[in-house]
Amino acid sequence: VEIFRKDYEPLPHLVEKINMLFSIEEGKTIVTTELFIEPNESYNGKSRDLTLDGDETCVKLLALSLNGKDLEEGTDYTLAPGKLILKNPPAGAVLKTVVEIVPEDNTQLSGLYKDGPMYCTQCEAMGFRRITYYPDRPDNMAVFENVRLEADKEAYPVLLANGNMIDSGDLGDGRHYATWTDPYPKPSYLFCCVVGDLGKIHDTYTTMSGRKVDLQVFSESHNVHKLDYAMESLKNSMKWDEDRFGLEYDLDLYNIVAVDSFNMGAMENKGLNVFNTAYVLADKDTATDSDFERVEGVIGHEYFHNWTGNRVTCRDWFQLTLKEGLTVFRDQEFSGDMNSKAVNRIENVRGLRAGQFREDAGPMSHPIRPDSYISMDNFYTATVYSKGAEIIRMYQTLLSVEGFRKGMDLYFERHDGSAVTCDDFLSAMSDATGVDLSQFALWYSTNGTPVVTYDTKYEDGTFVLTLTQKSNSDKPLHIPISVGLLNKETGEEAVATKVLDLKEMTQEFKFEGLKGDVVPSILREFSAPVKLLPASGEEDEEALAFLAARDTDGFNKWEAGQKLFTSLIFQAKDAEMTDKTYDFAKEAFGRTLTDKESKDYSILAYALILPSEGTLGELVDVVDPIAIHKARGAVKKRLAREFATELKERYDELTAAMEGSEFKVDAESIGMRRLRNVCLEYLCSIRETPEEQKTAAELAMSHFKKASGMTDKVAALGALASMDGEGASARDEALETFYKDADGDALVLNKWFSLQAMADLPDILDRVKKLKEHPDFTLKNPNRCRSLIGAFAMNTAFHEESGAGYAFLREILEDLDQLNPQISSRMAGSLIQWKKYDEKRGQIMKAELQKLADMKPISDDLFEIVSRGLK
Ligand code: ARG
Ligand code: ZN
């Protein structure tokens with residue numbers, strides 16, 4: 001069934017307090033609850049019945065009583081698929097339920113499930129109903145007063161739940177218990193318990209008001225040595241939120257648990273975060289620099305949710321971006337402050353374009369606040385998260401950092417402890433600053449990526465910039481466009497960055513009193529999630545070359561280079577590269593490569609990387625993935641040959657600079673490795689002749705053997721994995737060594753799978769099929785699944801003309817959907833973009849989608865994606 005935002009109605013009664021008892025035994029867990037129910041004052045509907053959600057495919061009802069009296073089905077309550085309707089409960093009612101669940105059989109990883117040596121929960125968005133009957137919606141905030149866990153003491157020594165532990169002890173017969181209490185009212189999606197055999201590290205943090213908080217990070221014992229970076233990041237997050245937003249942690253204990261099988265990245269359960277191991281474990285031998293960056297970001301993200309998500313939560317799931325967009329924005333700002341702002345911005349925009357722009361151009365396109373869903377889990381999207389974060393960033397750009405902070409303060413003053421909407425957030429921002437944001441509100445209801453075109457004119461010291469917008473909204477959006485002007489002759493900044501309020505369909509902005517012609521730098525720092533295009537349709541390549549060399553805005557400097565590369569790649573695809581464009585691109589590339597002044601190595605590295613195939617695909621109406629792949633490859637190889645000497649020089653220089661120095665994970669060291677690995681990638685792309693193949697293989701092999709940590713190892717193996725001919729034996733040797741060195745480490749094995757699945761080899765599908773039969777492969781672990789199947793779906797070879805790649809994915813989805821619908825529907829995302837491809841490919845993809853649609857049974861999750869895809 002489809003749920004609509006406009007149908008929201010408050011609950012007639014609220015559960016204000018709940019007690020729970022989990023009695024965990026092998027193959028069977030009994031959950032007993034007491035719900036304290038009161039009438040809801042803000043309800044003014046007719047029915048006084050209370051609907052409790054419960055997934056009967058998972059939860060077996062054993063007993064139900066109200067105020068001590070057993071209830072009768074039909075008279076006191078009725079059962080329907082997914083729910084239990086309680087007839088008109090009196091004020092002060094205490095409802096007692098007893099249910100049985102089998103976490104060991106829960107392959108969906110939603111609700112209570114078993115993973116290796118532990119039981120753990122995932123309740124967002126609707127997992128709590130797979131544990132017991134309850135009003136499983138975020139506007140029911142209750143105090144979880146007593147949560148008691150009972151389990152075998154030897155097998156499961158650690159018993160965790162939200163809040164603070166208030167009691168624990170032995171039960172005799174080898175079992176033990178612990179009771180937890182959480183003073184802060186919360187919705188059921190923030191409930192969590194973990195029961196297992198776990199190791200941990202411990203630290204403390206003293207908050208700005210002087211309260212000491214115990215911090216613990218748990219994982220399986222063999223991974224405990226990889227938890228330090230997460231702990232460091234947690235402390236940094238706590239400090240940052242105090243400094244930037246004046247927000248302090250509110251319990252005496254903060255627990256984090258690392259879990260191997262997890263559908264998403266991590267979960268912000270109150271006082272007890274659960275993390276996918278991939279986003280919490282990190283040491284130099286198993287994690288790449290990007291993994292470290294991600295751990296820091298996600299640790300921050302979940303911590304920041306304590307205020308933006310937990311203390312103030314969502315009224316209903318359509319408001320998801322209220323907490324997610326805002327919290328992603330906060331984690332991005334945190335990462336920017338911890339590392340480099342410009343690098344962080346480039347990385348985030350690269351991600352936005354590859355993921356969100358693509359989503360918004362396809363059948364899953366939706367506004368950041370959607371209007372309807374079948375399965376809410378399908379709406380934890382790039383749009384709600386990443387575009388949502390861009391919308392929040394625009395508030396800050398429009399209101400200034402100080403204004404934004406005022407708005408945040410008012411938001412918490414008004415709404416702490418309640419479940420609210422995106423409109424409430426907007427009102428707080430507007431009321432705190434006196435800025436009218438009514439037009440800005442359109443961003444919440446407009447899907448698709450807006451296009452802004454610009455036209456320029458210079459005459460007698462006056463520069464006129466004409467901006468025109470086009471979006472799916474009938475009324476114009478309020479778009480902040482940050483602009484700076486550079487003097488054409490001197491390159492000096494003639495006008496510093498200024499935010500223009502584009503509020504009309506077409507608007508003219510005048511800059512007067514200039515001392516000569518200027519080159520505009522438009523959409524600095526990517527001030528709005530739009531596509532910026534010249535009105536003429538033709539990029540001014542001379543201006544781009546100028547900006548790539550001189551722009552004082554780090555983001556736009558990078559962007560200008562990317563646009564030059566983009567022009568060149570499309571020229572290579574359609575006919576051939578023109579000398580003019582090539583020379584501009586060459587100049588930009590060469591200048592970056594030989595820039596010995598800058599210590600911003602990451603920026604240099606990103607300036608050398610060509611736009612991704614996904615980003616390029618976004619710029620055309622009909623995608624021929626193989627042609628794009630070839631064209632990008634041709635540009636890459638041409639630049640590599642042109643600069644072979646300089647690339648090798650830079651590579652050697654960086655090698656020498658890093659030799660002998662201690663391994664560090666700071667911005668400078670990360671940048672040096674990044675730049676060196678980009679050089680390696682270019683150098684390894686030169687392998688036409690057997691001689692060149694040998695040289696490339698030798699270089700990559702020596703890089704592999706001398707690798708100082710996982711970053712370099714992955715870079716080397718990434719290059720080797722695609723080698724053939726004279727490089728084939730080095731490739732096989734490195735893959736074997738990497739596998740052996742992994743020694744069963746799950747996250748390292750994931751890299752081993754994905755590097756192979758992404759390789760550029762002619763027989764790649766056969767290789768992936770073989771890997772699927774590898775003893776280390778399983779569909780049951782989402783990370784493993786993504787590392788092979790998800791990675792292959794991003795390989796150009798997935799789109800191989802016969803459609804064999806599409807059929808392979810469809811077959812896997814048929815099996816996967818029976819196990820884990822959240823993951824099967826995610827992966828189906830690779831098939832729904834069929835309209836973007838050429839006729840022949842599109843029709844094959846569509847046929848595979850149809851086969852999925854006809855499958856019985858099919859999960860709601862997969863059904864929703866597939867049917868949107870077919871529409
Ligand atoms: N709230 C979590 C986060 O962003 C994500 C949980 C999503 N879970 C899901 N099953 N859809 O930090
Ligand atoms: Zn989140």
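**Sheet, helices, ligand**

Trainee: Which residue in E29 is the bridge partner of Thr466?
Mentor: That's Glu508. Keep in mind that this is a predicted model.

Trainee: And how do E26 and E29 pair, parallel or antiparallel?
Mentor: Antiparallel, over 6 bridges, with E26 covering residues 462–470.

Trainee: What's the strand order in the whole sheet?
Mentor: It runs E29-E26-E25-E31, an open sheet of 4 strands with mixed pairing. E29 (506–511) and E31 (531–534) each have a single partner strand, so one side of each has no neighbour in the sheet. From one strand to the next, the twist averages 25 degrees.

Trainee: OK, switching to helices. At what angle do H7 and H9 cross?
Mentor: Roughly 0 degrees, and their axes come within 10 Å. H7 is residues 541–550 and H9 is 579–593. Angles under 35 degrees count as roughly parallel, so that is what we call this pair.

Trainee: Which residues meet there?
Mentor: From H7, Glu541, Leu544, Ala545, Ala548 and Ala549; from H9, Lys580, Thr581, Phe584, Glu587, Ala588 and Arg591. By class, that contact has 6 nonpolar, 1 polar and 4 charged residues.

Trainee: Last topic: how many residues surround ligand 1, and which are the closest?
Mentor: There are 13, and the closest are Glu124, Met264, Met267, Asp377 and Tyr380. Sorted by class, the shell has 5 nonpolar, 3 polar and 5 charged residues.

Trainee: Which elements supply at least two residues of that shell?
Mentor: Strand E20 (266–267) and helix H2 (289–304) each do.

Definitions and conventions. Residues are numbered from 1 along each chain as its sequence is written. Chains are lettered from A and ligands numbered from 1 in the order in which they are written. This is a predicted model: local features need pLDDT of at least 70, side-chain atom pairs count only at pLDDT 80 or more; totals for chains, interfaces and linings use all residues. Two strands pair if DSSP finds at least two bridges between them. Axes are lines fitted to C-alpha atoms, for helices over the stretch in contact, and angles run from 0 to 180 degrees between N-to-C directions. Angles under 35 degrees count as roughly parallel, over 145 as roughly antiparallel, 65 to 115 as roughly perpendicular and the rest as oblique. Two residues are in contact if their C-beta atoms, placed from the backbone, lie within 7 Å. Ala, Val, Leu, Ile, Met, Phe, Trp, Tyr, Cys and Pro count as nonpolar, Asp, Glu, Lys and Arg as charged, and the others, Gly among them, as polar. A residue is near a molecule or strand if its C-beta atom, placed from the backbone, lies within 6 Å of it.
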